[in-house]
Amino acid sequence: MTTTALSSEYSRIVALAEAKLTAVGGDIPLEEGVHTGDPENGMDWIVSIQPYQPEGWLGGDFAPPLTPLQVTAVASLPTPNGARQVTLRSVRLAEPLTPGL
């Protein structure tokens, strides 16, 4: 029974983290920063969006047509024995910011 309950809790936590990843670009703007809100069904969440540079990519003097951003969604459920937590990451492509607009 304990395993079933634990599995159910983690399923809920994963579902919240997935929902927050899906919300990026809609309810959560696709821009650098940290986004959080009220707990949902007793679970806390936070979404961090930061620039992403693929390993081995040296870049260049040109502006890329799209800017890669790493999106990290963390959902956690506080428990008496500590929080159960799930972290999901994704890379999204965003329009580069145009200065002066």
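Which pattern does the protein follow when read along the sequence? The pattern is α-β-β-β-β, and the secondary structure comes to one helix and four strands. Helices (H or I, at least four residues) and strands (E, at least two) are DSSP runs, numbered from the N terminus. This is a predicted model, in which local features need pLDDT of at least 70 and side-chain atom pairs count only at pLDDT 80 or more, while totals for chains, interfaces and linings use all residues. Residues are numbered from 1 along each chain as its sequence is written, and side-chain values use heavy atoms, with hydrogens and water left out.

- Of the 101 residues in the protein, 25% count as buried; buried means under 20% relative accessible area, exposed over 50%, and partly exposed in between (1.4 Å probe, protein chains only).
- The protein exposes about 7,100 Å², of which carbon and sulfur atoms supply 54%; accessible areas come from the Shrake-Rupley method with a 1.4 Å probe, and for residues only the protein chains shown count as cover.
- Contacts (heavy atoms within 4.5 Å) between residues at least 6 apart in sequence join residues at least 24 apart in 53% of cases.

**The sheet**

- Four strands form an open sheet in the order β1-β2-β3-β4, with antiparallel pairing; two strands pair if DSSP finds at least two bridges between them.
- The edge strands, each pairing on one side only, are β1 (33–36) and β4 (84–94).
- From one strand to the next, the twist averages 15 degrees; axes are lines fitted to C-alpha atoms, for helices over the stretch in contact, and angles run from 0 to 180 degrees between N-to-C directions.
- Strand β2 (residues 44–51) pairs with β1 in the antiparallel sense over four bridges, and His-35 stands opposite Val-47 in β2.

**Salt bridges**

- The structure holds two salt bridges, each defined as a side-chain nitrogen of Lys or Arg within 4 Å of a carboxyl oxygen of Asp or Glu.
- One of them joins the side chains of Glu-9 and Arg-84 (3.3 Å, N to O).
- This pair links distant parts of the chain, with Glu-9 in helix α1 (residues 2–23) and Arg-84 in strand β4, 75 residues apart.
- Glu-9 is partly exposed at a relative accessible area of 24%, and Arg-84 is partly exposed at 22%.
- Lys-20 forms a salt bridge with Glu-40, the closest N and O atoms being 2.7 Å apart.
- This pair also links distant parts of the chain: Lys-20 lies in helix α1 and Glu-40 in the loop between β1 and β2, 20 residues apart.
- Glu-40 counts as partly exposed at 30% relative accessibility, whereas Lys-20 is buried, with a relative accessible area of 12%.
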